[in-house]
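Keep the structure open while reading.

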Amino acid sequence: MSLLVVGLSHRTAPVTVLERAALTGEAPTRLLHDAAATATVSEAALLNTCNRIELYADVDKFHAGVAELSLLLAEHSGVDLEELTAHLYVHYEDRAVHHLFSVACGLESMVVGEGQILGQLRDALARAQEEHTAGRGLNELFQQALRVGKRAHSETGIDRAGQSLVTFGLDQIAAGAGEIAGKRALVVGAGSMSSLAAATLARAGVGDLMIANRTPERAERLAATLGARTVDFAKVPQALADVDLVISCTGSAGVVIQGADVAAAVAVRTASAPLAFLDLAMPRDVDHAVHELPGALLIDLESLSQVDAALPGAGDVAAVTGIVADEVAAFGAAQRAARIAPTVVALRAMASEVVGAELARLESRLPDLDERSRAEVAQTVRRVVDKLLHAPTVRVKQLAAEPGGASYAEALRELFDLDPGAVHAVSGTPVGPQAQPSSGSLAGGAAR
């Protein structure tokens with residue numbers, strides 16, 4: 001496969017752009033289908049998180065693929081293509097694999113080493129499978145990325161900085177509004193991020209935990225698992241006055257908690273600590289104006305991006321970086337070796353046909369040859385052919401695993417005059433080398 005990644009993240013775009021580009025509702029599914037339907041794309045997957053939007057695609061043309069995927073991102077996000085291009089990054093082939101494996105290990109996360117990204121990658125693959133936009137290539141790639149991420153977490157201390165943005169955000173809340181234990185907390189939303197937040201609060205020992213969600217049944221299921229209670233979603237503004245901490249992540253297209261409602265809640269509170277909000281939604285759930293309200297503390301993705309996370313030790317980062325490099329090299333070698341396999345199979349099939357034709361010719365010329373002699377001749381001929389083919393086929397597989405190995409498959413096809421159609425029938429993919437441009441930023445900078 002020729003893997004192409006086009007995307008933007010908290011590393012390349014300000015939160016204001018990420019917020020406007022956020023894909024909600026049916027937009028991710030539509031984007032996925034439109035990407036897979038383009039002329040240059042055979043497979044597509046979308047990684048869509050609160051601080052990352054990335055399209056992964058198997059393409060047959062690099063430049064056309066970049067242009068088409070960039071245009072689709074602009075169309076579905078609603079951000080002008082020219083503005084969006086300044087924040088997009090592009091990775092291709094091995095650099096794209098390196099990027100995905102780094103993402104899976106948490107090296108590209110806002111909090112280095114956070115573990116939630118593995119679940120998000122798993123969801124991205126599941127969506128692509130359900131929508132039939134991922135084939136064998138992306139399935140193998142994402143499954144390997146998940147294995148690499150698990151290996152990084154099991155063999156190093158990369159996750160010692162915290163398991164997710166939730167813990168990082170709560171650390172910031174505690175620094176500004178006091179310890180989490182004993183606080184009255186409200187979680188708005190019941191999706192994966194909100195569920196993680198609610199579970200984290202329960203483990204932290206909050207005094208009272210409430211869940212509010214537009215779909216009451218989901219709120220009730222989550223509350224039941226945590227020993228919490230539910231609040232009618234429509235009554236969230238009134239509930240603000242009765243809590244100390246609010247975590248919101250609903251996936252709504254607009255603001256869920258208005259500044260005026262927060263001001264009203266602050267006005268009637270008697271607690272000395274500020275009313276704290278942790279907004280993990282993209283686009284934001286909590287009115288940005290809350291930042292300016294006395295008696296309120298708002299920690300959102302924008303403010304988190306401006307805080308230096310407590311990074312794991314340099315040794316852990318270096319160890320994970322080494323794991324990624326090793327895994328990328330191994331994956332690339334396996335992929336390149338797999339590309340030679342159809343040519344080797346086609347070569348052996350051709351040799352078998354030649355042997356069969358010559359044995360048939362021998363039988364017609366020597367019809368009186370007894371069965372034992374005929375079997376001995378056939379076995380000898382096949383043994384000779386096998387020995388002649390063994391060394392070159394073993395060696396070409398070894399050479400094909402190295403960078404640029406596709407040229408050896410091409411040489412084998414030329415030397416033995418193999419029918420490209422026969423190779424295609426084995427592999428199911430077109431034969432012939434493809435250009436491999438280097439990866440880089442669409443804005444003209446180095447690849448990120």
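## Nonpolar cores

Beyond its neighbours within four places in sequence, Leu 201 is in contact with Leu 170, Ile 180, Ala 185, Val 187, Val 206, Leu 209, Leu 245 and Ile 247. The model is predicted. Leu 201, Phe 142 and Leu 280 have the most contacts inside the largest nonpolar core, which has 100 residues. Helix 7 (residues 136–155) gives the most to this core: seven residues.

## Cysteines

A disulfide is a covalent bond between the sulfur atoms of two cysteines. The whole structure has zero disulfides. For Cys 50, the closest cysteine sulfur is in Cys 249, at 6.7 Å, too far for a bond. The cut-off for a disulfide is 2.5 Å between the sulfur atoms.

Cys 50 is buried, with a relative accessible area of 13%. Cys 105 is also buried, at 0% relative accessibility.

## Backbone exceptions

Most residues other than glycine have a negative phi, and most peptide bonds are trans. Glu 93 is not a glycine, yet its phi is positive, about 50°. It sits in the loop between strand 4 (89–92) and helix 5 (94–104). Glu 93 is buried, at 10% relative accessibility.

His 132 also has a positive phi, near 60°. Its loop runs between helix 6 (116–130) and helix 7. His 132 is exposed, at 72% relative accessibility.

The peptide bond from Met 282 to Pro 283 is cis, with omega near 5°. Pro 283 lies in the loop between strand 9 (275–279) and strand 10 (296–300).

Terms used
Residues are numbered from 1 along each chain as its sequence is written. This is a predicted model: local features need pLDDT of at least 70, side-chain atom pairs count only at pLDDT 80 or more; totals for chains, interfaces and linings use all residues. Side-chain values use heavy atoms; hydrogens and water are left out. A nonpolar core is a set of buried Ala, Val, Leu, Ile, Met, Phe, Trp, Tyr and Cys residues joined through side-chain atoms within 4.5 Å. Buried means under 20% relative accessible area, exposed over 50%, partly exposed in between (1.4 Å probe, protein chains only). Helices (H or I, at least four residues) and strands (E, at least two) are DSSP runs, numbered from the N terminus. Contact means heavy atoms within 4.5 Å.
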